[in-house]
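Please look through the sequence and the structure shown here before reading on. The briefing below goes through a few local features one topic at a time.

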There are 2 protein chains.
Amino acid sequence: MPNSKDDVYGDHISHKFNDELMELKTEFLKMGGVVESQVEQAIQALMDSDGQLAEQVRARDKDVDQMERGLDEEATLIIARRQPTARDLRLVVSVIKMVADLERVGDEAKKIAKLALKLAEEGQAPRGYVEVRHIGNHVLGMLHDALDAFARLDSEQALRIMKEDKWVDEEYQAAARTLLTFMMEDTRNISRCMSVMWVLRALERVGDHACNIAENVIFMVKGEDVRHTPMEEAEKVVGR
Amino acid sequence: MPNSKDDVYGDHISHKFNDELMELKTEFLKMGGVVESQVEQAIQALMDSDGQLAEQVRARDKDVDQMERGLDEEATLIIARRQPTARDLRLVVSVIKMVADLERVGDEAKKIAKLALKLAEEGQAPRGYVEVRHIGNHVLGMLHDALDAFARLDSEQALRIMKEDKWVDEEYQAAARTLLTFMMEDTRNISRCMSVMWVLRALERVGDHACNIAENVIFMVKGEDVRHTPMEEAEKVVGR
């Protein structure tokens, strides 16, 4: 009588292999959690002019880098030892790609933390922080949902994230125009507004990486590469 | 009597496998060549206010995306069919990672082309173009050398590229300061200088991606991951 685990993973050579794949998934989600909190805290450090928190974010980026190396190694070992095919191989290859995205999100968090330190030192009243808070919340939600879509292999949720990227780009464009106006009003604003502009750019990149993760989730589930395809095409793939 | 090809690839199961690996390398280098010329022409379009050339660069980004998909598919197929291990596996996994870098360099070229169009429309005398030309040449050289290091599996050349990234960052910082001064001198400069600033940032990112490729070359040749390690550590790895 087959037990339920066998039903789900019936095509795997061994339970050990299942365990390794599960472990890879778990470690990836752990890295995702750390990176999420890095972005969150970098934004918080900026909002509160909290130099100490900003320093913490910068220091913790080393952990993110370490997790990247560990996951890459684990994924490559699984390929070498277990020679996965089909869906399993797609999972492992996708993890290798998505780990690079997470590491870059970590880098963006570090950049934001650095700019938070700079802005805290200058100590002037914030302009453009409303925009940072707004876009920050948006991309953090996308990142969270992308990781969640991966955890549950939910291609429909992944599709929703892909659609949201357009909104982030528009919000970013609008925020950049607002900051440009501040700069033109008073040249003393320029340097600080530039820093806020870099923060916005970093956040916009976080949204891009969340999208990349979402595209990989669709690839894992559906076996089709929806990068650079029109949205209607991606919708058809997910609807199948 | 073993022929020379058997000597070099003696550990492969079949000549067909060799051919597939060679083909993957060739296709990767082809994509690298296209991406290189995209960056080059995007800079040229900016310098010459050549809207037509800028449009060509934007249109050709679709080819780059297509090449990314093709290479990813080919690499995954090789893993599934040939189950490579050791050095061969490192090559295939590295190609998957480096293809993502090349695609992003292509995106940066597209961004530069877009900004070139915007700046050409505004039609004012260029400020900061000296800096663009200078940093552009530098990162183009790095990208070219990184692809060359991959073609020849030359870890020492790869190490040299890693070292150069620091210089690009410094050049970028200096150029950003210069542009900030232009903006403060006259608020009418702000919008245009911002565009040039984004171009510089895009170029700096090209340098980062060249570095990533270089790190992968060292990984392929030496089997060690030198990302996020101090330069002395990387030197030791390459010196072995």
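Predicted model: local features only at pLDDT ≥ 70, side-chain atom pairs only at ≥ 80, totals over all residues.

Residues are numbered from 1 along each chain as its sequence is written, chains are lettered from A and ligands numbered from 1 in the order in which they are written, and side-chain values use heavy atoms, with hydrogens and water left out.

**Helix 6 and helix 8 of chain B**

- The axes of helix 6 (residues 155-185) and helix 8 (residues 231-239) of chain B come within 10 Å and cross at roughly 170°, where axes are lines fitted to C-alpha atoms, for helices over the stretch in contact, and angles run from 0 to 180 degrees between N-to-C directions.
- Helix 6 of chain B is therefore roughly antiparallel to helix 8 of chain B, a term for angles over 145 degrees.
- Residues of helix 6 of chain B, among them B:Leu159 and B:Met162, meet residues of helix 8 of chain B that include B:Ala234 and B:Val238.

**The N-terminal end of helix 6**

- B:Asp154 caps this end in chain B, with a side-chain oxygen 3.1 Å from the backbone nitrogen of B:Glu156.
- In chain A, A:Asp154 caps the N-terminal end of helix 6, with a side-chain oxygen 3.1 Å from the backbone nitrogen of A:Glu156.

**B:Arg227**

- B:Arg227 lies in the loop between helix 7 (190-222) and helix 8 of chain B, and counts as buried because its relative accessibility is 13%, buried meaning under 20% relative accessible area (1.4 Å probe, protein chains only).

Definitions and conventions:
Helix = DSSP H or I, 4+ residues; strand = E, 2+ residues; numbered from the N terminus. Parallel < 35°, antiparallel > 145°, perpendicular 65-115°, else oblique. Contact = heavy atoms within 4.5 Å. Polar contact = N/O pair within 3.5 Å; in protein donor to acceptor, adjacent residues only side chain to side chain. Buried < 20%, exposed > 50% of the residue type's maximum accessible area, 1.4 Å probe, protein only.
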